[in-house]
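Hi there,

Here is the structure I promised to pass on to you. Have a look at it first, and my notes follow below.

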Amino acid sequence: MSRPTLQQSHGPEFTRIYAMGAARGDLVVPNEDLIGPIDSSDEWIRKRTGIIERRRASAEVTAVDLATAAAREAIEKAGIRPDQIGAVIVSTISNPVVTPSISTLVAERVGATPAAAYDIEAACAGYTYGIAQADSLIRAGLAEYVLVIGAEKLSDFVDPADRSISFLLGDGAGAAVVGPSDFAGISKTIWGSDGSKWDAVGMTGSYVGFRRGDNEWPTMRQEGQTVFRWAVWEMAKVAKRALDEAGITADDLTAFIPHQANMRIIDEFAKVLKLPESVLIGRDIETTGNTSAASIPLATHRLLQEHPEASGGLALQIGFGAGLVFGSQVVVLP
Ligand SMILES: CC(C)(COP(=O)(O)OP(=O)(O)OC[C@H]1O[C@@H](n2cnc3c(N)ncnc32)[C@H](O)[C@@H]1OP(=O)(O)O)[C@@H](O)C(=O)NCCC(=O)NCCS
């Protein structure tokens, strides 16, 4: 059968992150405010997690508001026009409506119309998934610039009496503008999932169960030790593979920015990966808490604010969480 030859698109050879933006919840919530219902202490939370306080958003502030603020900063710093953005990807696990997505509203608010806009749900790995997709979309010629956002208002899904995870969680959004580059700015993403541990982190019930009266309003819960062990053993291997795929070693890194799950996990990573003393480590969890998809871009934004000299250096980032899912890549810091 004869048929006309199709055209397939392709874009530039390389991509990079142009700029970052950040927005944290407006409320500072110290450990003292949470310990009553979970029979805990400021000392226990600091020692076991490294968290001193977390940021949460007021009732009237939504994940869309946080995402919009972070996105506006990233677009302005990137020096591009919003209408040059071809896709808006928001990673979130806390959109309070099943549909429509957060991303279309964010695209509208920042003037990135008529960009393709969609949400992804890859929990705490969501930002690394978003960066992988942005890199692929641009190199495939589907978008010139892509806005990647991790945005969470996890406090809407917190049970104050839950001892397993509630005290870890915070609210915030981090954004990155990804675009074409003259040099390699985003290495191959190592990503994957392990659904055999589907139950290790997640919700206490379903919306349908809530409607039928089978369960309370669903909130987050986890098997902390299972997640802890998986993160330390399996994720360090993933981070090493990401370094190998990037063709670099830990000695070449300027920064290491893992998902902000627990300071002890971050410290273990640093040991297992044998990071030199000179490598800057994202430790935003101390005052922001665990903001799931927002945690890596928030930590990156803060690291660049505190260490502007890191700009242009290589950062290894790794996200991991509910599903279980993981993603890791090396990026050139904007
Ligand atoms: C949640 C987490 C902080 C709990 O710390 P842990 O050291 O594993 O705690 P354990 O479950 O082993 O419990 C140790 C002790 O603390 C107690 N404890 C548990 N939760 C507590 C809390 N919130 N406050 C005070 N005490 C608590 C337990 O009862 C236990 O007491 P015991 O020794 O007298 O029996 C930790 O497992 C963790 O951070 N896991 C990974 C989290 C993560 O990355 N989540 C990712 C989602 S992306």
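Which of the 20 residues around the ligand come nearest? They are Ser-40, Gly-224, Ala-261, Asn-262 and Gly-321; a residue is near a molecule if its C-beta atom, placed from the backbone, lies within 6 Å of it.

Before going on, two notes on how to read this. Residues are numbered from 1 along each chain as its sequence is written. This is a predicted model, in which local features need pLDDT of at least 70 and side-chain atom pairs count only at pLDDT 80 or more, while totals for chains, interfaces and linings use all residues.

**The ligand and the two domains**

The protein has two parts, domain 1 (14-181) and domain 2 (190-332), with bounds that come from an automatic or database domain assignment. Both domains give residues to the shell around the ligand, so the ligand lies between them. Helix H2 (42-49) and helix H7 (224-246) each supply at least two residues of that shell, and H7 gives the largest share, five residues. Helices (H or I, at least four residues) and strands (E, at least two) are DSSP runs, numbered from the N terminus. By class, the shell has ten nonpolar, eight polar and two charged residues. Here Ala, Val, Leu, Ile, Met, Phe, Trp, Tyr, Cys and Pro count as nonpolar, Asp, Glu, Lys and Arg as charged, and the others, Gly among them, as polar.

Taken over C-alpha atoms, the centres of domain 1 and domain 2 are 14 Å apart. Across the boundary, 45 residues of domain 1 are in contact with 43 residues of domain 2, where contact means that the C-beta atoms, placed from the backbone, lie within 7 Å. Among the elements that each supply at least two residues to the domain 1 side are strand S1 (14-24) and helix H5 (126-139). That side of domain 1 divides into 24 nonpolar, twelve polar and nine charged residues.

**The annotated active site**

An unreviewed UniProt entry places the feature "active site" at Cys-124, His-259 and Asn-290. Those positions are in the numbering used here, the feature name is shortened, and the annotation may be inferred rather than shown by experiment. The three are spread over 167 residues of sequence, yet they cluster in space, with a largest C-alpha distance of 8.9 Å.

Cys-124 sits in the loop between strand S5 (116-120) and H5, and His-259 in the loop between strand S11 (255-258) and helix H8 (263-272). Cys-124 is buried, with 34 other C-beta atoms within 10 Å. The terms work like this: buried means 20 or more other C-beta atoms within 10 Å of a residue's own, exposed means 12 or fewer, and partly exposed is in between, with C-beta atoms placed from the backbone. His-259 is also buried, with 34 C-beta neighbours inside 10 Å. Leaving aside neighbours within four places in sequence, the contacts of Cys-124 include His-259, Ala-261 and Ser-292.

**Some backbone details**

Ser-292 has a positive phi of about 50° although it is not a glycine, and it is buried, with 34 other C-beta atoms within 10 Å. Lys-274 has a positive phi near 50°, but Lys-274 is exposed, with 11 other C-beta atoms within 10 Å. Cis peptide bonds join Thr-99 to Pro-100 and Thr-113 to Pro-114.

Enjoy exploring it!

Note on methods:
Contact = placed C-beta atoms within 7 Å.
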